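Welcome, and please load the model in your viewer before reading on. We will go from stop to stop, selecting a few pieces at a time.

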Amino acid sequence: METLGRTRRVVALALVAVPFVVVGVALLTAGGLPDPVPTHWNIHGDVNGTMSRTAFSVMVLVVTGAAAVLAAGFVWAHEDDAVRRWGVQACAFTAYLMGGLSLGTVLLAAGVPAAPGVRLRWYVVPAALVAALGAPAVIHILWPVVPVRKPAAGASPRLDLAPGERAVYVATLRSRGMLALGVGCALVGVVLLLTADLMVGAVVLAATVALLALSRVTLRVDDGGVRLGFGPGVRVRVPMERIERAEVADIRPMAWGGWGYRARPGGRALVLRAGPGMVLDLSDGSRFAVTLDEPADAVALVNGLVGRRHETA
Amino acid sequence: MLIRVDPSSREPLAEQIAAQVRGAIAAGRLGPGDRLAPARELAEGLGVNMHTVLRAYSALRDEGLLELRRGRGATVHAAATPDATRLRNLATELVTAARRLGMSADDVVELVRSVS
């Protein structure tokens, strides 16, 4: 079973590498490509953009090759199978779109003496799109269905609360890593805004805001549920009625989709580092994880509030 | 930081909150320089007025356990070590017990002199 799943994953990764190989062979064997190569056509099929033959070949091979390497990296690094498949599918989309368009270009341009003589045929772009959407679909079917292994249950202490008693747990989670990344991003963004593209600079500054919001997160547990506060105004809530149980767990970032605030099919997680944290089992079968230096008090309070809720209901 | 209050208790809410912070410092769960939870978060979570939490924090500042700074919130005072805090808690207990017996502060001082 395990080896069959492995074979299927290897086949899926091989599929992602196909555009790199096919385009590489096409570039080597197609004699007489014009230099520069046409890379863009207007709506009437006339060339309005070109690239030197070397730059074109390097760009195409780097993009398709990087997609294949990145796909293998996803499978290697991530422990969550849904994240692995999603990563491989995204890489396949990129590789097949790029590969399809450049293969079309190579086939149309081969033997034509100069770029303006290359006419774009109507079927090239639709064919590349079909390949780009078809490959992820094939990978979806091909990907092995692994039964989700339930992790060993961690410690699940419970605080005993009297009927009218009120309790709150508050912790501020700080991440120096996110702060450093955010500050670095801000500097790059400002430089880009001043020297280069406004659009790229704005995107980098938006990433800065997200990183700084993650550098200081407030966690609160009360009888309403568990709440994360990111900077001023952005809140994520898990209502108490959706929580079934809390436990202390060792959180490995790659089992939860990586660092930061992650939403995956199996659940959501705020991961600021590897190490201890609190994991909630929710009523819809998903899980909610948050890294926390000393999770015992928070876990005990959640379990106490859930227990009291069930006893009084 | 975990804080519990019982609204049906005769002890005022602010005093209940302060007692738990005192206990946490005495037990070493909160050490010098540690930041306390923002008063607003505690108040919202407990369903009490924010001034109640702030009253607890200022009482602790007056006892020398906390430092309150505008914009930085409440932090545990550098001198608030577990031993010093435990001793202070014992003194508070002594005075409370003495008051119940109708003794004045001077009577308590006299009592301490007589046993030392």
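This is a predicted model: local features need pLDDT of at least 70, side-chain atom pairs count only at pLDDT 80 or more; totals for chains, interfaces and linings use all residues.

**Stop 1: chain B as a whole**

Along the principal axes, the C-alpha atoms of chain B fill a box of roughly 45 × 35 × 25 Å. If you display contacts in chain B between residues at least 6 apart in sequence, 54% of them join residues at least 24 apart.

**Stop 2: two helices in chain B**

Now pick helix 2 (39-46) of chain B and helix 3 (residues 50-62) of chain B. They pack with their axes 8 Å apart, at an angle of about 125°. That angle makes helix 2 of chain B oblique to helix 3 of chain B. The crossing of these two helices is right-handed.

Which residues make the contact? Show side chains for Ala39(B), Arg40(B), Leu42(B) and Ala43(B) on helix 2 of chain B, and for Met50(B), Thr52(B), Val53(B), Leu54(B) and Tyr57(B) on helix 3 of chain B. Coloured by type, the residues of this contact divide into 7 nonpolar, 1 polar and 1 charged.

**Stop 3: where the chains meet**

Bring chain A back. Here 15 residues of chain B are in contact with 15 residues of chain A. On the chain B side, strand 1 (2-5) and helix 2 (39-46) each supply at least two of the touching residues. That side of chain B divides into 8 nonpolar, 3 polar and 4 charged residues.

Zoom in on strand 1 of chain B and strand 3 (residues 166-174) of chain A, which pair in the antiparallel sense over 4 bridges. To find one of these pairings, select Ala167(A), whose bridge partner in strand 1 of chain B is Arg4(B).

**Stop 4**

Select Tyr169(A) to see an example: its bridge partner in strand 4 of chain A is Val221(A).

**Stop 4: a sheet within chain A**

Move on to another open sheet of 5 strands, with the order 7-10-11-9-8 (chain A) and mixed pairing. Its edge strands are strand 7 (243-251) and strand 8 (260-264) of chain A. The twist here averages 15° from one strand to the next.

Helix 7 (residues 296-312) of chain A packs on this sheet too, touching strand 7 and strand 10 of chain A. Its direction makes about 165° with that of strand 7 of chain A.

Strand 7 and strand 10 of chain A pair in the antiparallel sense over 8 bridges; look for Asp250(A) opposite Pro276(A). Then follow strand 10 (residues 275-282) to strand 11 (residues 287-291) of chain A, an antiparallel pair joined by 5 bridges. Here Val279(A) stands opposite Ala289(A), and Met278(A) stands opposite Val290(A). These two strands form a hairpin with 4 residues between them, and Gly285(A) in the turn has a positive phi of about 90°.

**Stop 5: a helix pair in chain A**

Finish with helix 3 (residues 81-109) and helix 4 (residues 124-142) of chain A, whose axes come within 8 Å and cross at roughly 155°. That makes the two helices roughly antiparallel. The residues of their contact divide into 14 nonpolar, 4 polar and 1 charged.

How values were computed: Residues are numbered from 1 along each chain as its sequence is written. Chains are lettered from A and ligands numbered from 1 in the order in which they are written. Axes are lines fitted to C-alpha atoms, for helices over the stretch in contact, and angles run from 0 to 180 degrees between N-to-C directions. Angles under 35 degrees count as roughly parallel, over 145 as roughly antiparallel, 65 to 115 as roughly perpendicular and the rest as oblique. Ala, Val, Leu, Ile, Met, Phe, Trp, Tyr, Cys and Pro count as nonpolar, Asp, Glu, Lys and Arg as charged, and the others, Gly among them, as polar. Two residues are in contact if their C-beta atoms, placed from the backbone, lie within 7 Å. Two strands pair if DSSP finds at least two bridges between them. A crossing is left-handed if the near helix is turned anticlockwise from the far one by less than a right angle, and right-handed if clockwise.
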